[in-house]
Amino acid sequence: DAGHFSVVSYTGNTTAGATVGHGMGGTPEFIIAIARAENGQNKPIFHVDAVTSDTRHIKINEPNMGTAGTTIWDVSAMSSTVFGLGAAAQSNSTNGMICYCFRSVPGVCKVGSYIGNGNADGPYVSVGFLPRWIFIKNYSADQNWMLWDTARSPYNQLNNNLWADLDSGESTSTTYARDILSDGFKLRGTHAIQNANTNNYLYIAMADLGGNGTLPPIYG
């Protein structure tokens, strides 16, 4: 969607305080960074709720959380025109970078967060549309990235899950269950990967689009 998603290619300088234009109509809420020619580099993410300091380390290729001395992002520099970089090569490589930038689009995409309650009557998360695809991460603990979609699991309750940071096959455990609703989703499983009591979770959700993107979103 124009103004809400962009793919940015740039050459970094491994110097904290660098900024890169993103071409969107507002401040990025979710960014995936990939160093194009750096062997062994992690793939860090920026999330507006979860990454609140420059040393906050959340990576899409592994479950580990934490902070480190090397800065990945310049959080204070995030704006409607640029995103800010730290000194780490994984976000600011001199050998070339790709970043995928998202921000919420009413009826199409929602970037947000929720707090788990550890109960089978889990939190209800409103996104404003019928989700087709949801990506979540516990950012209070070392837990894997989990992906749900209604193509593989079209009926409630949904138990089919994939992992972004593992090479494991699909899981159908009910400990990861949830309901997809006309305007959001509700957690039913109690596993810490999605619903530990008082833990914080980031997510990005996408709606179904008709006509290969030429038609309006399919609302609930």
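How many bridges join strand E10 to E11, and in which direction do these strands run? Two bridges join strand E10, which covers residues 146-149, to E11, and the two strands run antiparallel. The model discussed here is predicted, and its protein chain holds two helices and 14 strands. The radius of gyration of this chain is 17 Å, close to the 17 Å that the globule rule gives for 220 residues, so the chain is as compact as a globular protein of that length.

**Overall dimensions and packing**

- Taken along the principal axes, the box filled by the C-alpha atoms of the protein chain is roughly 50 × 40 × 30 Å.
- Among the 220 residues of the protein chain, 50% count as buried.
- When contacts between residues at least 6 apart in sequence are considered, 60% of them join residues at least 24 apart.

**The five-stranded sheet**

- Five strands make up an open sheet with antiparallel pairing, and their order is E7-E14-E9-E10-E11.
- Strand E7 (109-115) and strand E11 (162-163) stand at the edges of this sheet, and because each has a single partner strand, one side of each is left without a neighbour in the sheet.

**Cysteines**

- A search of the whole structure finds zero disulfides, and Cys99 is accordingly in no disulfide, with the nearest cysteine sulfur, that of Cys101, 5.6 Å away.
- For a pair of sulfur atoms to be counted as a disulfide they must lie within 2.5 Å.
- Cys99 is buried, its relative accessible area being 0%.
- Cys109 is likewise in no disulfide, and the nearest cysteine sulfur, again that of Cys101, is 12 Å away.
- With a relative accessibility of 5%, Cys109 counts as buried.

**Salt bridges**

- The count of salt bridges in the structure comes to five.
- One of them joins Lys59 to Glu62, with the closest N and O atoms 3.0 Å apart, and both of these residues, Lys59 and Glu62, are buried.
- Another is formed by Asp121 and Lys186, whose closest N and O atoms are 2.8 Å apart.
- Asp121 lies in the loop between E7 and strand E8 (124-126), whereas Lys186 lies in strand E13 (residues 184-187), so this pair ties together parts that are 65 residues apart in sequence.
- Asp121 is partly exposed, with a relative accessible area of 47%, while Lys186, at 15% relative accessibility, counts as buried.
- Asp121 and Lys186 also belong to a network of salt bridges in which they are linked with Asp179 and Arg188.
- A further salt bridge brings together the side chains of Arg152 and Asp149, with an N to O distance of 2.6 Å.
- Of these two partners, Arg152 counts as partly exposed at 27% relative accessibility, whereas Asp149 is buried, with a relative accessible area of 12%.

**Aromatic pairs**

- The structure holds twelve aromatic pairs, and in one of them the rings of Phe5 and Phe102 have their centres 4.9 Å apart and their planes at 50°, so that pair is tilted.
- Phe5 lies in strand E1 (residues 5-10) and Phe102 in strand E6 (residues 97-102), so the pair ties together parts that are 97 residues apart in sequence.
- One aromatic cluster is formed by Tyr114, Trp148, Phe185, Tyr201 and Tyr203.

Conventions. Residues numbered from 1 in each chain as written. Predicted model: local features only at pLDDT ≥ 70, side-chain atom pairs only at ≥ 80, totals over all residues. Heavy atoms only, no water. Pairing = 2+ DSSP bridges. Helix = DSSP H or I, 4+ residues; strand = E, 2+ residues; numbered from the N terminus. Buried < 20%, exposed > 50% of the residue type's maximum accessible area, 1.4 Å probe, protein only. Salt bridge = Lys/Arg side-chain N within 4 Å of Asp/Glu carboxyl O. Phe/Tyr/Trp six-rings, centres within 6.5 Å; stacked < 30°, edge-to-face > 60°. Rg over C-alpha atoms; globule rule 2.2 N^0.38 Å. Contact = heavy atoms within 4.5 Å.
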